[in-house]
Amino acid sequence: MIIHVVYEFRGGVQKVAFELAVAQSRLGHNVEIWSLSNETIDDVLVEGLRIRYFDCLSVFGVKYSKVLAKKLLAKRDSIDVIHSHNTFHPLNYQIYLFSKKNQKKVAYHPHGALDPNLFKGYSFDSIKKKLYIFLFERR
């Protein structure tokens with residue numbers, strides 16, 4: 001199974017993840033998209049692709065899902081690859097911990113978020129990204 005993980009299912013990054021997942025599904029792969037949600041939403045089938053929504057906790061805009069973590073553990077034997085589309089989001093670290101502990105292949109897709117121009121200067125966004133890399137990505 002290939003799982004695409006997105007922090008929320010709306011926007012350009014999610015559209016790319018969806019199109020990639022649909023193409024993989026058409027090639028015969030078992031593919032799902034897993035997304036966080038602040039409200040309870042039932043799974044949805046779109047073009048034969050299952051989109052699963054997981055309740056999450058949100059503290060100062062940082063989201064974490066215990067439900068998603070439990071589902072990863074429950075499905076660990078059927079997971080081949082996890083493709084995370086969550087640059088600068090602690091969900092990447094959650095995926096990293098799971099993949100390391102369970103020896104699963106994982107791909108991280110930055111979708112242009114690592115453009116050096118985004119790190120220049122001392123804007124709030126630039127500082128936030130540098131801080132995130134220092135705290136989470138260097139482990």
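Leaving aside its neighbours within four places in sequence, which residues is isoleucine 82 in contact with? In this predicted model, isoleucine 82 is in contact with Ile3, Val5, Leu72, Ile95, Phe98, Lys105, Val106 and Ala107, once those sequence neighbours are set aside. Isoleucine 82 also belongs, together with Leu68 and Leu72, to the residues that have the most contacts inside the largest nonpolar core, a set of 14 residues.

**Nonpolar cores**

- As general background, nonpolar side chains in soluble globular proteins tend to be buried together.

**Serine 65, between E6 and H2**

- Serine 65 is found in the loop that runs between strand E6 (62–64) and H2, and with a relative accessible area of 0% this serine is buried, because the cut-off for that class is under 20%.
- Not counting residues up to four places away in sequence, serine 65 touches Leu36, Phe54, Asp55, Cys56 and Gln94.
- The side chain of serine 65 reaches the backbone oxygen of aspartate 55 at 2.7 Å, while a polar atom of that serine side chain lies 3.4 Å from the backbone nitrogen of valine 67.
- Although serine 65 and leucine 91 are 26 residues apart along the chain, their C-alpha atoms are separated by 8.3 Å.

**Glutamate 32, in strand E2**

- Glutamate 32 has its place in strand E2 and counts as buried, because its relative accessibility of 5% falls under the 20% limit.
- A polar contact of 2.8 Å joins the side chain of glutamate 32 to the side chain of tryptophan 34.
- When residues up to four places away in sequence are not counted, glutamate 32 touches Met1, Ile2, Ile3, His4, Leu49, Arg50 and Arg52.

**Nonpolar surface patch**

- Leu131, Phe134 and Leu135 make a nonpolar surface patch of about 320 Å².
- Phenylalanine 134, one of these patch residues, is found in helix H4 (residues 124–137), and this phenylalanine is classed as exposed because its relative accessible area of 63% is over the 50% cut-off.

Definitions and conventions
Residues are numbered from 1 along each chain as its sequence is written. This is a predicted model: local features need pLDDT of at least 70, side-chain atom pairs count only at pLDDT 80 or more; totals for chains, interfaces and linings use all residues. Side-chain values use heavy atoms; hydrogens and water are left out. A nonpolar core is a set of buried Ala, Val, Leu, Ile, Met, Phe, Trp, Tyr and Cys residues joined through side-chain atoms within 4.5 Å. Buried means under 20% relative accessible area, exposed over 50%, partly exposed in between (1.4 Å probe, protein chains only). Contact means heavy atoms within 4.5 Å. Patches are made of residues with over 30% relative accessible area and no salt bridge: like charges are joined within 9 Å, nonpolar side chains (Val, Leu, Ile, Met, Phe, Trp, Tyr) within 5 Å. Accessible areas come from the Shrake-Rupley method with a 1.4 Å probe; for residues, only the protein chains shown count as cover. A salt bridge is a side-chain nitrogen of Lys or Arg within 4 Å of a carboxyl oxygen of Asp or Glu. Helices (H or I, at least four residues) and strands (E, at least two) are DSSP runs, numbered from the N terminus. A polar contact is a pair of N or O atoms within 3.5 Å; within protein, one must be able to donate a hydrogen and the other to accept it, and residues adjacent in sequence count only if both atoms are side-chain atoms.
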